[in-house]
Amino acid sequence: MPPLDDRLSSVKPVRYLWAIGSQTENAPIGMTIADRYHVIAPRIWIDRTPERVPEAPPTLPPESQIYLKQIRHSLHIPQVYGFCDGRGQGLGDVMLLENVPIDEHGQLYPRLESCWSQTRPVRHAYWLSQILDLWKLLEPQKLAASLLDPDNIRVQGWRVWLLELKPTIGKPSLIDLVYHWRRWIDQADATDPTSLQLLDLCQHLRSPAADLDSVSDQLDQILLEAAARLPLRLSSFGISDSGPSRLQNEDSCYPIAEDMGSATELRGVDQANLAILCDGVGGHAGGEIASQLAVKTLKLQVEAFRNILRTKPCVPAAVICHQIATMVRVTNNTIAQENDARDRLDRERMATTAVMAWQIAQAPPITRPSKVVSIATASRTAPPTNPPNAHELFIANVGDSRAYWISAQYCQQLTVDDDLATQEVAAGHCLYREAIQYDEAAALTQAIGTRDGASITPNVRRIVIEEDGVLLLCSDGVSDHQWVEQSWKTFVPPLLEGLTTLEATARDWLEVTNEQNGHDNATIVLIDCRVSEPVPSPLEIFDPKANDRPTPTTTDPRDRLTESSRALLSIPANPESTTEPSRRRRPKPTRTQQLSVAIAIAILACLGVWFSLKSFSNRDPVSPPASEETNSTTP
């Protein structure tokens, strides 16, 4: 095993900030403001002393409050980092934003408009869907102007990310929004069905009678139809450990290695679509019981709802989100009733956090067939058909267990912790960097099992899988100290490139987590999500045992897979064993065998020609053959 320094190539990132103020555009590059902030590009600053709490006035100004209220939407909206007195440099008062669309090299992420022509129509629909959701959020707060400035809308892969919030002057309408949409859509392929549907939607939006809810439903249908045309392959693996400093493991997860049996044993088909992680709350007796009970209860409810979905047409995302929130509340009441039955009060009540991800394989009505294969590290039989899949992934969380979406290029935190720091910021009492200094900053504001389910507010959201990536669920023993952000580059890109397996990735990540961040129980659940066409991985191409494997005896294209890939698809290792002897086919030569035969034939042909020429050259051209001499002497 290589040294830890080699295995952990990432370093703690620099804290990039976006400066807001009337004169910040004029700050010279290289200038240092307030003996702390360094200008590296127009309006892009870095904090040279990030260990210090940023300055903030005793009463936070109104322009900062509009950001604090959006802390639960940090996937799309920045937060206020601090304030700076730049009057000494002629910059006036400056407000600094963090969680801004700036990459690790200090460059702004590209504008949505500039990326449109280089991306697929399914992503176009996804971007517009996120913008419309943000419109619903910001327009009532008179911040819709944030979505009418193309330079303010940045993208990080599928994610729409605003550079800042802009107060609205006047009353913008959907017609103002569709003006930009139409310019973008005109760049796309005019023959693509998704682009044509988006054009029709724009025409509908131009109507003064356009209803926001109906437009949202139409756009969602376009998105799901476009996503369903992509293939989808899923595999999952979970692992949990008490960590080096704890005697007892209060974490529970699904799936987990113990559920799978041996490394090659597979589970039920649908189980790769579901992942659950629960962390028994520290300080509460019976935390390990609560986490195990929560996982079991959620699994049972998912299975029941899955059976209902199989009998229904495509169910709207809002209905599914509501049902998942109900599942969490039922789970909460199950644990709360157990507490009541044991007369547990206050700190004695057992409780747990929870984060759940569920890819629901609904089939939207589409006009062309969709190629979908669902692979589970847990299935014994492959599905008999390949129905369309809308690629919807629903994520719910209560507490501080987290979900991340990680691609080869970026790591995105999808959930927001239910802790005191977040609550204080959302209430507008203080900035986040100040809030996390509180002694009780990490104290949970809600957990499963402490009180009646009616008072629990699960956070439920939907994402659409339209790129290759890995969904990570983890407990705070993994996410604390920004560990995921520091370590993901070491583990996820090799997995996506086929250089390692899902199980090896989870085990290695957990091992290094315990060594580098091991202050608590640590649990990792990974769902590997692929929408690209499958290709042989380097592990398969360079497998030294590949030539020793038996030659397939069927023309099924799946026979070209390696044994490990065949196992994932639940294909028998020896397809011949399932065929009657009288119907067995002659083994088809492999390409290597065909090439070997061709070379052997060519060599034999060359040798034959060589011997013929040599034999002819040894003859005496004057003396007649013996048979001719005999015939000449016969009367």
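Predicted model: local features only at pLDDT ≥ 70, side-chain atom pairs only at ≥ 80, totals over all residues.
## The chain as a whole

The chain has 635 residues, and 49% of them count as buried. Its secondary structure comes to 19 helices and 18 strands.

The accessible surface of the chain is about 31,000 Å², and carbon and sulfur atoms account for 54% of that area. Taking contacts between residues at least 6 apart in sequence, 74% join residues at least 24 apart.

## Asn 521

Asn 521 sits in the loop that runs from helix H15 (502–517) to strand E18 (522–530). Its relative accessibility is 2%, and because buried means under 20%, Asn 521 counts as buried.

The side chain of Asn 521 has a polar atom 2.8 Å from the backbone oxygen of Ser 242. A polar atom of this side chain also lies 3.0 Å from the backbone oxygen of Gln 248.

Ser 242 and Gln 248 are both among the residues in contact with Asn 521 when neighbours within four places in sequence are left aside. That list also includes Asp 241, Arg 246, Asn 249, Glu 250 and Asp 251. Ser 475 and Gly 477 are in contact with Asn 521 as well.

Tyr 254 and Pro 255 are joined by a cis peptide bond, with omega at about -5°. Pro 255 belongs to the loop between strand E10 (251–254) and helix H8 (257–260). Tyr 254, the other partner in the cis bond, is the residue at which the range of strand E10 (251–254) ends.

## Two residues with positive phi

Asn 99 is a residue other than glycine with a positive phi, near 55°. The loop that holds Asn 99 lies between strand E6 (92–98) and helix H3 (112–115). With a relative accessible area of 28%, Asn 99 is partly exposed, because this value falls between the limits of 20% and 50%.

His 481 is not a glycine either, and its phi is positive at about 65°. His 481 is placed in the loop between helix H13 (476–479) and helix H14 (483–496). The relative accessible area of His 481 is 59%, and since exposed means over 50%, His 481 is exposed.

## Summary of the residues

- Asn 521: buried, at 2% relative accessibility.
- Pro 255: joined to Tyr 254 by a cis peptide bond.
- Asn 99: partly exposed, with phi near 55°.
- His 481: exposed, with phi of about 65°.

Definitions and conventions: Residues numbered from 1 in each chain as written. Heavy atoms only, no water. Helix = DSSP H or I, 4+ residues; strand = E, 2+ residues; numbered from the N terminus. Buried < 20%, exposed > 50% of the residue type's maximum accessible area, 1.4 Å probe, protein only. Polar contact = N/O pair within 3.5 Å; in protein donor to acceptor, adjacent residues only side chain to side chain. Contact = heavy atoms within 4.5 Å. Areas by Shrake-Rupley, 256 points an atom, 1.4 Å probe, with all protein chains shown as cover.
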